[in-house]
Amino acid sequence: MSEKNTISEKLKKLASSQLIIPIVALLILVIFNLIRDPSFFSIGIKSNNLGNRVLTGNLVSILNGASELVILAIGMTLVTSATKGQDISVGACAAIAGSVFVKILRAGNISVPLILAGVLVACVVAILFCLFNGTLIAKFNIQPMIASLILFTAGRPIAYWINGGATPNVESTLLGYLGGFIPGIPIPSPILIVILFVVLINLLLKKSTLGLYIQSVGINERASKLNGINPVFMKMVVFVVLGICVALAGSMNVCRIGLINHEKILLDIEMDAILAVAIGGNSLGGGKFKLSGSILGAYIIQALTTTLYAMKVSSTDIKAYKAIVIIIIVVVGSPVVKQWIGKIFKSITAKTVKTAKVEAK
């Protein structure tokens, strides 16, 4: 009886787990691709145009292509948790950060110190723009989506003005350190950057009270204030983190393509970042969050995109197919459906216990 109860309890916990939806969605994509094309997940090693031996394959493309989205999804998760809303200007702010990064690179001969300086300056600029949104939200209590609509509209024109109304390019093999490959290392550098960034963010949230304070403000701002937490300060902190995420994503994307195109750089990525948060099981109404869910959500979106491209779906149709699949995932992960699943498992548990009692007699 105790063993059956334990199994039932485990099933119940699994059904109510925040990660169950993204994990199931990812498994469905994996199984679908294995059936459709068993070689979809094959990984090979080839020489790139610089003569370096690098990893290739759809799996590498998914992990590599989702790098900017993963970083922005992390920042979006923290903002959502603390402010109970979403910043829709992350793509435009990334364009501004990317333009600043390019301007620094074009100021001298490209070197590793200059690249690092460019990323640092881009971080400072991106943080200032994100703090503009943060001030409107934290100080003036403007709804996050409305507050960020200003930079969503004006951000890309500002990015265009930074470089004098041009779309300059940058060329150097050193750009591979952020957007390509590091000589001698077959793994794409964006994947390595994401791993390092995720580790640092987790250390920051786990080894300090920051994660707890952010969630407290999102759950009940008034109660957190009574407990000595400054809600305004915590909201500004999450926008500082978002600024770093935005600058890193913008700089990485510039290094990938070797130029800044203010109209197309990370276009619509804010929508994917919000969806990654939702698919990851995090509430868009703020409060508790799980970064691992948002990270999984980002990789699910990229895996879906790569799958559709592999199926020869045209780029114009991909958004429609993605929308259909994402609607299904979000609906399945909604509180109503979760409650319904919970009732089913509760019914199964009750029947199991009843059966066990009958057997015991």
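Let me start with helix H5, where 14 of the 16 residues are buried, buried meaning under 20% relative accessible area with a 1.4 Å probe, protein chains only. This is a predicted model, where local features need pLDDT of at least 70, side-chain atom pairs count only at pLDDT 80 or more, and totals for chains, interfaces and linings use all residues. Residues are numbered from 1 along each chain as its sequence is written, and side-chain values use heavy atoms, with hydrogens and water left out.

H5 covers residues 90-105. At 1.5 Å a residue its 16 residues should span 22 Å, and the end C-alpha atoms are 22 Å apart, so the two agree. That expectation is 1.5 Å times one less than the number of residues.

Now to one residue. Ser-251 sits in helix H13, residues 231-257. Is Ser-251 buried or exposed? Its relative accessibility is 0%, so Ser-251 counts as buried. Leaving aside neighbours within four places in sequence, Ser-251 has contacts with Phe-101, Val-119, Ala-122 and Leu-178, contact meaning heavy atoms within 4.5 Å.

Next, the whole chain. There are 17 helices and 2 strands, taken as DSSP runs numbered from the N terminus: H or I of at least four residues for helices, E of at least two for strands. Of the 361 residues, 45% are buried. Among contacts between residues at least 6 apart in sequence, 72% join residues at least 24 apart. The C-alpha atoms fill a box of roughly 85 × 55 × 40 Å along the principal axes.

Terms used:
Buried < 20%, exposed > 50% of the residue type's maximum accessible area, 1.4 Å probe, protein only.
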